Each structure stands twice: as structure tokens, then as C-alpha cells.
Amino acid sequence: MNQDSVAPLCLFAGTSHPELASLISLRLSHPLASCKIKQEQRMESKVQILESVRMKDVYIVQTGTPDEVNNTIFELLIIAYACKTSCARRIIGVIPYLPYTKQSKMKKRGAIVSKLLAQMMCRAGFTHILTMDLHQKEIQGFFECPVDNLRASPFLIQHITAEVPDYKSAVIVAKNPESANRASAFADRLKIGFAVIHGEVKGSEVESRDGRTSPPPALSCDQVPARTSYLIPNPIPALTTKALPPMSVVGDVCNLVAIIIDDLIEDTGGIINAAQLLKREGASKVLVVATHGLFNDNAVAKLQEANRDDDIDLVVVTNTVPMCRAEKETTFIRRVDISNLLAEAIRRIHNGESMSFLFRNISSDD
């Protein structure tokens, strides 16, 4: 792109992750723009842009947090709408962890919340979204604007090779069959073995008495239409309930370093159960590696207990989500900085350069 046609850049930071916004600003050698954000006593977010954004490219850094996810999302929408009504040329959302990505499929009387959120963001004024490791990559189709889904796998693989001295005698483990493709991609790049945990325990769904399980009335012979030459005693066959087998490991982990791979960690109970199973199967160490660590104080306390019980030796996540207070006091949870990837993506988008360099050697399974 001709440098004469490049609009000035404004980099705003929401309240969700000021440390990451500062790192991005430092790597871009561009200061954060002035913006006043506060919550009124009635718990309403109030945003005031303190400098001109007319005909400028605006980048808003905001990420989902485990405790204040709804507040951070609505704050993001307000900042974008304030820039839109102030005549910004383009509004790009830099959202390392996009919330509600697990709610991307219809379940009975539920809602596809990720589609609702995508529509709200586009209506608020976003013209481009920059995020990282979506839980479901198909969510990009919900947006009416371009979405760049960056990958953290190069950083995590680099950390494993540099910080895990015996990684060559390790095995990559998928916590469940759904994450097998991602774990297999890690194993292929590290040139080590691969295993899958099958039979993950899931709570049974309790269905209320609202008629969904009541069968239709059976037709008697007198009620069958005269022209019908056949009788179906049960015209609506029912599927049998899936019976999950006990948790087991498909693959060899005995005397090996087991590295559990996932895109996000929010259910620490599932991770701990998987780690305990791997230790019972003879794994010498258990490491947990993920992109997004959605930890609160309670989750960190459970992981600390698992660490003391020698079930989990190390947890590695990126800094897409801010650390909680309890995590700052631990030593077995490590953060990998991905701010330089986000800064380079911002630079390329702003200058109209190709983004393909950031996706080199990236497959659909990563």
C-alpha cells in the first residue's frame, strides 16, 4: 500500500488486560491513545474518547476474562461505537481471547451466542477482528467483517523445545477425542508420540417434565386411515443413550513425559482427572499446555493442590488472558508472551501488507 494513503493509527486499551496492551504498544513503538473508561455507581460502563479519531485507523485491545466477561465485552462494544460515531475510518478489534466461542452450536432450546456476539460487534462498528485460537474456527463465518484467527502453537512449541529438557522422550496427549487433531499437529511438529484420553466423564443432563420425552399416542387399528395398507406400531424410533466407557488412555505413556494439549483451560477438574489418569498409567511427568488460561483464584487453588499431590508438574499458557492474584504467587504456572505476534499483525493490517507470513506452515488442525 502507498504510504501516502495509510491513515494515522490510534491504539486504545480496554480495562481487561492493560499489561498486554502496554506490551503491544511498546513493540509497535506507538503510544496508547487517551481514553477514559469508568463504571458508574449503577454499574453502567461509561467511555469517553479524549483525542480525535476522525479518519484514523483505530485498534482496540480488549480480551475476555473469566470473572468479568460480560462487562469487558460490553465495554468493547461501547468503545467501538464511540469511535464509529466519531468518524473513525476503520475500527479493528484486537481480542486475543474471544469469549462465548464454546456456544457456537444449537443445543435444544439454547442459543448460538457466538453468532449473536458477532452480529453485535459488527453493528457496533468493527470492520476487522484480530483474535487467537478460536475454540471453533467456523465462528469466523458468523462475522460480516474479516477475521484473522492467529495461532499460538509456534510459541508453545518453541517453549516446549527450549524449556523441557526431556521433551524428546515425551508424548502429546489429547484430553478428549475432540482435541485430537490439535494434539496430533503438535506431535507431528515435535516428532514425538501421540495418545488420546477416551471416555471423559460428563454429567448427565437432567430433563424436566415438559413433554420432550413423552411419546406420541399409539394409533389403534380403528384410527388408521382406510387407504393405509400398512401399520407402523412405533413410527418414531428413539436412539439409545450413549454410554461413555470409563476413562482410559489410547496409546503408551508409561515412563514418558505426558504433555496435555488444549486450546483453553477453564475446567480444571477435567484437566486434573486427565493428569491423575496419566500418572496411574505410568507417566513420569505431566505437563499441561494451552493457549488460553482462564484461571480464577479457585481454579489456581485446585491446580496448586494437584501440583502438591504430584499429579501436575507444570502448566504453560500464553498471556492472552490476565493473571489473577493467586496465579502471581505460583511458580508452576508459566506464561508465554505473544504480544509480538499481535503487534506484527497490527502493523501488517495497518500498512496493507499480506498476513500470510504469520500463517506459514499453519494447517487447519493447528
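Let me begin with serine 339, which is buried, its relative accessible area being 0%, where buried means under 20%, exposed over 50% and partly exposed in between, using a 1.4 Å probe and protein chains only. This is a predicted model, in which local features need pLDDT of at least 70 and side-chain atom pairs count only at pLDDT 80 or more, while totals for chains, interfaces and linings use all residues. Residues are numbered from 1 along each chain as its sequence is written, and side-chain values use heavy atoms, with hydrogens and water left out.

Serine 339 lies in helix 8, residues 339-351, helices being DSSP runs of H or I with at least four residues and strands runs of E with at least two, numbered from the N terminus. Leaving aside residues up to four places away in sequence, serine 339 touches Leu20, Leu23, Ile24, Arg27 and Asn319, contact meaning heavy atoms within 4.5 Å.

Isoleucine 37 stands opposite valine 47 in strand 3, and among the five residues between the strands, methionine 43 takes a positive phi near 65 degrees.

Finally, which residues of helix 2 and helix 3 meet? From helix 2 they are Ile73, Leu76, Leu77, Ala80, Tyr81 and Lys84, and from helix 3 they are Leu117, Met120, Met121, Arg123 and Ala124.

Key. Two strands pair if DSSP finds at least two bridges between them.
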